[in-house]
Amino acid sequence: MAQSTETTDWVSRFADEVIEESERRAPGKPVVVASGLSPSGPIHLGNLREVMTPHLVADEIRRRGRQVRHLISWDDYDRYRKVPEGVAGVDKKAWEEHIGKPLTSVPAPKGSSHPNWAEHFKAAMVESLAELGVEFDGISQTAQYTSGVYREQILHAIRHRGDIDAILDQYRTKKAPGKKPSQKPLDEAELEAAEGSGAAGEDDGSSGSAGYFPYKPYCGNCEKDLTTVTAYDDDSTELTYACTACGFSETVRLNEFNRGKLVWKVDWPMRWAYEGVIFEPSGVDHSSPGSSFQVGGQIVGIFGGKQPIGPMYAFVGISGMAKMSSSKGGVPTPGDALKIMEPQLLRWLYARRRPNQSFKIAFDQEIQRLYDEWDKLDAKVADRSALPGDVAAHARAVGTAGGELPRTPRPLPYRTLASVADITAGHEDQALRILSELDPSNPLGSLDEARPRYDKAEAWINTQVPADQRTIVRDEPDAELLKSLDEQAQGSLRLLLDGLASHWSLDGLTHLVYGVPKVQAGFAADATPKELPAEIKTAQRTFFALLYHLLVGRDTGPRLPTLLLAVGQERVRVLLGE
């Protein structure tokens with residue numbers, strides 16, 4: 001078993017609080033932390049924070065040798081509220097017919113192997129969580145409600161509906177507080193990001209001819225929740241409801257009826273009490289007066305429980321994209337992220353920031369910088385020069401209490417792998433040739449040594465880099481450009497060609513291409529920037545642009561040392577006019 005991290009970071013501090021609170025509430029019992037996810041559509045990277053925050057805390061508690069349960073409540077008995085945009089195999093008009101049904105009663109997208117809508121989107125998340133090393137106990141709310149597990153809690157809520165109504169009424173009648181000038185309102189995408197977070201609706205029940213009722217039956221005819229309770233008898237538990245969607249009405253005995261659920265603002269605190277949840281985070285959309293987390297803190301007492309402790313977490317963005325919302329379509333999921341980055345990197349992004357700090361996940365060129373930062377941290381941890389907080393975040397990224405996650409044996413720079421994948425366009429033998437020449441003293445024996453990082457970089461090139469930005473090496477030399485070169489340009493190419501054979505490695509070529517303009521200006525190839533005039537930088541840029549034009553017909557491209565290795569020595573000589 002992995003040891004506890006040696007420093008205090010936000011995870012350790014929460015673990016201390018959670019253990020202490022658990023001992024106070026339920027001494028000797030396993031610590032219970034919770035997340036809630038609604039499979040109402042693709043479960044995105046913002047929703048992943050709902051899982052990663054308690055996961056990291058639970059994992060720290062496990063590292064300390066204590067028993068802990070991380071519950072993930074699949075809110076698959078929530079109503080189907082809207083048809084998400086951009087889901088393959090879904091015709092919007094056809095699926096709109098199912099709005100109001102439980103998510104588990106909605107058909108899966110066409111072509112899916114899963115029995116219903118909820119299972120389709122849940123399966124993708126379960127697969128991603130396994131790759132991320134997240135250990136959890138999943139609870140289907142459909143299974144809980146339809147099997148009668150919550151029957152006593154439902155009857156209890158209905159007996160105390162007056163008390164619940166009075167709590168809710170404090171917020172219904174409260175005027176919205178004046179907004180401070182500096183306070184930025186949540187935009188539509190942020191509000192809709194609550195979908196999938198375990199709070200798919202802020203419904204607090206309705207008042208009809210039977211008075212306030214915190215419970216919604218699903219219609220026995222059309223399965224929709226567009227129902228109103230018209231009569232209820234507390235002694236017999238006989239409940240009569242009418243469906244406004246299809247006109248169906250029936251009378252049932254609630255002490256044996258399992259086709260309905262408590263409204264969200266009552267359902268959530270009921271489950272806190274039922275499961276004995278000690279720690280559960282909530283999104284910023286639940287922190288305002290009258291929101292489900294705030295109101296739940298009062299309603300939970302009706303069920304004999306206490307509100308969990310837990311932070312408000314900030315939203316997660318994507319570099320180059322607007323804030324995430326699962327109803328907008330095209331919002332990246334954990335599965336999308338794991339196609340282009342190793343699980344360690346994705347875990348690190350969530351571990352290194354406190355829950356109330358927002359951050360972005362890179363699907364654009366920024367991913368290369370993030371990987372560089374990660375590799376530097378990896379090296380600092382190895383040589384014991386990293387700061388304590390960074391060491392803690394690194395330890396939480398590379399493994400769990402159960403052990404280390406599988407890692408790439410030879411983690412070559414991501415930007416290099418991406419360049420090689422770009423240039424070789426799927427030819428693995430060519431990719432291996434180039435990668436084995438990066439360091440001739442320790443050549444790569446097989447692409448498997450660079451996997452899975454190589455595969456992630458290749459997927460990034462193929463799925464995230466626009467076609468017009470891909471690198472295509474020239475078939476023939478640019479004779480016209482070569483003829484037009486002045487003496488200085490011709491001399492720079494000659495210096496490069498003369499040094500190719502003796503500098504044929506990544507480090508050697510880096511030294512060579514940066515050194516050519518220095519030598520031409522009368523300086524040593526290894527002269528440092530401090531020893532050089534400012535004009536040298538301009539000369540280097542001019543030289544690099546010339547090489548890019550001669551090799552790939554553009555002003556820019558992959559890093560030149562990598563590009564030269566990829567093109568190969570013979571072809572470089574031909575394209576540079578030798």
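1. Aromatic cluster. Tyr77, Tyr145, Tyr150, Tyr218 and Tyr274 form a cluster, linked through ring pairs. The model is a predicted one. Across the whole structure, a search finds 21 aromatic pairs. Two of these pairs are taken up below, starting with one from the cluster.

2. Tyr77 and Tyr218. A pair of aromatic rings is described by the distance of the centres and the angle of the planes. For Tyr77 and Tyr218 the centres are 5.0 Å apart and the planes stand at 65°, so the pair is edge-to-face. The cut-off for that class is over 60 degrees. Tyr77 sits in the loop between strand E2 (68–74) and helix H3 (92–96). Tyr218 sits in the loop between strand E6 (215–217) and strand E7 (227–232). The pair therefore ties together parts that are 141 residues apart in sequence. Tyr77 and Tyr218 are both buried.

3. Trp272 and Phe293. This aromatic pair is also edge-to-face. The distance is 5.4 Å centre to centre, with 70° between the planes. Trp272 belongs to helix H9 (residues 264–275) and Phe293 to helix H10 (residues 292–299). The two residues are 21 residues apart, and the pair links distant parts of the chain. Trp272 has 2% relative accessibility and so counts as buried. Phe293 has a relative accessible area of 9%, so Phe293 is buried.

4. Arg161. Is this arginine, Arg161, buried or exposed? Its relative accessible area is 17%, so Arg161 is buried; the cut-off is under 20%. Arg161 is found in helix H7 (residues 161–172). Leaving aside residues up to four places away in sequence, Arg161 touches Tyr212, Phe213, Pro214, Tyr232 and Asp234. Leu346 is another matter: Arg161 and Leu346 are 44 Å apart in space, C-alpha to C-alpha, and 185 residues apart in sequence.

5. Helices H19 and H20. Two packed helices are described by the angle between their axes and the distance between the axes. The axes of H19 (residues 487–499) and H20 (residues 506–520) cross at roughly 135° and come within 10 Å. That angle makes H19 oblique to H20. The crossing of H19 past H20 is right-handed.

6. The H19–H20 contact. Which residues of H19 and H20 meet? On the H19 side they are Gln488, Gly491, Ser492, Leu495, Leu496 and Gly499. On the H20 side they are Leu512, Val513, Val516, Val519 and Gln520. By class, the contact of H19 with H20 has six nonpolar residues, five polar and no charged. An α-helix has 3.6 residues a turn, so residues three or four places apart point the same way.

7. Helix H16. Where do the buried residues of H16 pack? Ala431, Ile434, Leu435 and Ser436 are buried in H16 (residues 428–436). The buried residues of H16 pack against helix H15 (414–424), helix H17 (453–464) and helix H22 (560–567).

8. Overall. The protein chain has 23 helices and 16 strands. Of its 578 residues, 52% count as buried. Along the principal axes, the C-alpha atoms of the protein chain fill a box of roughly 100 × 55 × 50 Å. Among contacts between residues at least 6 apart in sequence, 72% join residues at least 24 apart.

Conventions:
Residues are numbered from 1 along each chain as its sequence is written. This is a predicted model: local features need pLDDT of at least 70, side-chain atom pairs count only at pLDDT 80 or more; totals for chains, interfaces and linings use all residues. Side-chain values use heavy atoms; hydrogens and water are left out. Buried means under 20% relative accessible area, exposed over 50%, partly exposed in between (1.4 Å probe, protein chains only). Helices (H or I, at least four residues) and strands (E, at least two) are DSSP runs, numbered from the N terminus. Contact means heavy atoms within 4.5 Å. Axes are lines fitted to C-alpha atoms, for helices over the stretch in contact, and angles run from 0 to 180 degrees between N-to-C directions. Angles under 35 degrees count as roughly parallel, over 145 as roughly antiparallel, 65 to 115 as roughly perpendicular and the rest as oblique. A crossing is left-handed if the near helix is turned anticlockwise from the far one by less than a right angle, and right-handed if clockwise. Ala, Val, Leu, Ile, Met, Phe, Trp, Tyr, Cys and Pro count as nonpolar, Asp, Glu, Lys and Arg as charged, and the others, Gly among them, as polar. Rings of Phe, Tyr and Trp (its six-membered ring) pair if their centres lie within 6.5 Å; planes under 30 degrees apart count as stacked, over 60 as edge-to-face and the rest as tilted.
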